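Here are some questions on how the labels for this model were reached. Each reply sets a value against its cut-off.

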Amino acid sequence: VSKISGEFMPIVNSFRSLYQAGEQVAATQPARKRELDDASKKLGGLVWKMNEGTVSDSVTSKLLSLAAALDAYDYAGAAHVQVQLTTGDWDECSTWLTALKRIIKLRQSSH
């Protein structure tokens with residue numbers, strides 16, 4: 001994450017928080033551990049791409065909106081951004097978007 005622009009660090013920080021909440025759920029629901037591990041690998045790939053600067057402006061902008069929604073526990077807003085990513089940027093997001101949805105559901109279930 002050393003090369004990620006400061007303006008995009010809220011995405012990384014939000015995803016870290018999301019993962020940590022998922023870990024808490026997985027600790028009480030062992031079946032969720034594998035799901036969380038898979039999501040972690042896929043989101044790690046996204047963060048690597050962000051570090052390399054190969055994520056499009058369109059996706060980064062939407063990820064900033066998604067991070068803001070998640071940080072505010074606005075799951076409806078997060079779902080809206082997920083739909084935008086699915087319909088407008090699927091080719092770029094397909095490798096990690098489903099994993100992101102799963103980890104959001106894990107956190108949502110803990111609240």
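**Labels and their grounds**

Q: Why is Lys 62 called buried?
A: Lys 62 has a relative accessible area of 18%. Buried means under 20%, exposed over 50% and partly exposed in between, with a 1.4 Å probe and protein chains only. Lys 62 is therefore buried. The model is predicted: local features need pLDDT of at least 70, side-chain atom pairs count only at pLDDT 80 or more, and totals for chains, interfaces and linings use all residues. Residues are numbered from 1 along each chain as its sequence is written, and side-chain values use heavy atoms, without hydrogens and water.

Q: Where does Lys 62 lie, and what is Lys 62 in contact with?
A: Lys 62 belongs to helix H3, residues 57-71. Helices (H or I, at least four residues) and strands (E, at least two) are DSSP runs, numbered from the N terminus. Neighbours within four places in sequence aside, Lys 62 touches Val 81, Gln 84, Leu 85 and Asp 89. Contact means heavy atoms within 4.5 Å.

Q: Which other residues of H3 are buried, and what do they pack against?
A: The buried residues of H3 include Val 59, Thr 60, Leu 63, Leu 66, Ala 67, Ala 69 and Leu 70. The buried residues of H3 pack against H1, H2, helix H4 (75-93) and helix H5 (97-109).

Q: How do you know that the span of H3 agrees with its number of residues?
A: The expected span is 1.5 Å times one less than the number of residues. For the 15 residues of H3 that gives 21 Å, and the end C-alpha atoms are 21 Å apart, so the two agree. Tyr 73 follows H3, with a positive phi near 55 degrees.

Q: What makes the chain as compact as a globular protein of its length?
A: The chain has five helices and zero strands. Its radius of gyration is 13 Å, close to the 13 Å from the globule rule for 111 residues, so the chain is as compact as a globular protein of that length. The radius is taken over C-alpha atoms, and the rule is 2.2 Å times the number of residues to the power 0.38. Of the 111 residues, 38% count as buried.

Q: Which classes of residue make up the lining of the largest pocket?
A: Seven are nonpolar, two polar and one charged. Ala, Val, Leu, Ile, Met, Phe, Trp, Tyr, Cys and Pro count as nonpolar; Asp, Glu, Lys and Arg as charged; the others, Gly among them, as polar. H2 gives the largest share of the lining, five residues.
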